[in-house]
Amino acid sequence: MSTTPPELAISVKNLVKKFGDFAAVNDISFEIPSGEIFAFLGPNGAGKTTTIKMLTTLLHQTAGEIAVYGFSTVTQQADVRKSFGIVFQDPSLDEELTAYENMEFHGVLYGVEKSIRKTRIQELLTIVELWERKDHLVKTFSGGMRRRLEIARGLLHHPKIFFLDEPTIGLDPQTRNQIWAYIQNLNTTEKITIFFTTHYMEEAEKFAQQIAIIDHGQIVAQGTSEELKARTQKSTLEDAFLALTGTAIREEEASGSDHLRMHRKMWRGR
Amino acid sequence: MRTIYILWLRQLKRYSRSRSRIFGSLGQPLLFLIAFGFGFGPIFQRAGGGNYINFLVPGVISQGILFTAIFSGIELIWDRQFGFLKETLVAPVSRLEIMVGRTLGGATIATFQGLIIFFLTLLVGFRPYSFAALLPALVIMFLIALLFTALGTAIASTLQDFQGFQLIMNFLVMPLFFLSGALFPLEGIPDALKTIASLNPLSYGVDGLRTTLVNTSHFGLLQDMSILVILMVIMMAIGSYLFSKVEI
């Protein structure tokens, strides 16, 4: 085993996604070795969320290939889905259910056996410090608590790769630190591959082993934080990011989510 | 199976926690029952139609089921807007299982709501022709519930938000109810109205309930049941197809 090259968590080749005439993702390729922390950065509307949706089988690409731990996101959806956990950019909990019930629901959907499910839920809720609140309805939770619950839920079925789409958006520095501590711990103890997007450059600088910057649907730079800074001759990743993607503010919808923009594009494309 | 079960259970939990929804959706059928039942009762009697409350109760139960069922299906939009739909769509389960679980859950709630209305009507003096008839009546209630929950899901699969909701209420749900024979007998009405009623799926639900609960029938129980079953299967197929096309 030691002689073979490291296993690839993700391999993306010439990926394209078009909504009508608009190419949200325009011919991108990258590879992520298993066990790595990978940051996917870009301005709003650059194609980050669309890429994540394709990687997680929610959208089908117009062209190109994606393999998640060797499985095709188009023809081997069930295998792909079992192999990843995800924390979406916008909330995805059932607010009318308790924290425990949200976990239970997830465990059943992923076929986690009952006895394992029980211990695993307790373990994870304890880690994210929500065990004492397990019987409370999610609608009574703060933003930080919801995020922690979503992280715990995404890990319930022992995924090999964890997608985090802006996991710390709108959270205070305390909660952000705490969440990153969990994520780093997961990466070192359970060797889970981490794929995350963020607008906080210092998070990418601090935690990611590899960074890709996407803009207008194309990857404009890829490498370690040091490499990106050296290439642009800037002292911080934020300056490097601005040098690579320009300082113009991107057209933003009122909601600020890629989600609605995407639907509008799809709608126009019809 | 486990997927269907957990989605069914989720619908029931949400319903049982929403007291305002339970009581809220009882108000309208009871209002119809009291206003129409007691308001038109004497005229109906004098015209030789018999006891109007008895005639009306199956219609009012159908109305309660119709509204709750369509609404349960349409709730899918909520799941989409509040993000929970994504959680189910990235899970390693088939869309068909998700659709079936949701629909069974919604239909169970709607049937239960129909049953509550049935018991409430006993308080205003309704007497079914026999209590043994409650069992076949329950089967018909469940068929109505399944049919219209699937319809609600099908509609919700094609909508992004609640903007079209009022349109659905005014141009689909209300006409389904008012043009179904829930409020008036289908005998002796103008042909155009009769044709519309015979094209309305709810008419067969109302008629089926009337047959089982008060032993009067327009189409005959066999026809009611077969049409309900066929339409339910078709609607489930359409709903599943449209749901399988949902993109987030």
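Predicted model: local features only at pLDDT ≥ 70, side-chain atom pairs only at ≥ 80, totals over all residues.
**View 1. Crossing of helix 6 and helix 7 in chain B.** In chain B, the axis of helix 6, which covers residues 95-123, comes within 8 Å of the axis of helix 7, which covers residues 134-158, and the two cross at roughly 130 degrees. Because of this angle, helix 6 of chain B is oblique to helix 7 of chain B, and the crossing of these helices is right-handed.

**View 2. Residues in the contact between helix 6 and helix 7 of chain B.** From helix 6 of chain B, the contact takes in B:Met99, B:Arg102, B:Thr103, B:Gly106, B:Ala107, B:Ala110, B:Thr111 and B:Gly114, which meet B:Leu138, B:Met141, B:Phe142, B:Ala145, B:Leu146, B:Thr149, B:Ala150 and B:Thr153 of helix 7 of chain B. Sorted by class, the residues of this contact comprise 9 nonpolar, 6 polar and 1 charged.

**View 3. Crossing of helix 3 and helix 5 in chain A.** The axes of helix 3 (residues 99-109) and helix 5 (residues 143-155) of chain A come within 9 Å, with a crossing angle of roughly 25 degrees. Helix 3 of chain A is therefore roughly parallel to helix 5 of chain A, and the crossing of the two is right-handed. On the side of helix 3 of chain A, the contact is formed by A:Ala99, A:Asn102, A:Met103 and A:His106, while helix 5 of chain A contributes A:Leu149, A:Ala152 and A:Arg153. The residues in this contact of helix 3 with helix 5 of chain A are 4 nonpolar, 2 polar and 1 charged.

Key
Residues numbered from 1 in each chain as written. Chains lettered and ligands numbered in written order. Axes fitted to C-alpha atoms, helices over the stretch in contact; angles between N-to-C directions. Helix = DSSP H or I, 4+ residues; strand = E, 2+ residues; numbered from the N terminus. Parallel < 35°, antiparallel > 145°, perpendicular 65-115°, else oblique. Left-handed = near helix turned anticlockwise from the far one by under 90°. Contact = placed C-beta atoms within 7 Å. Nonpolar A, V, L, I, M, F, W, Y, C, P; charged D, E, K, R; others polar.
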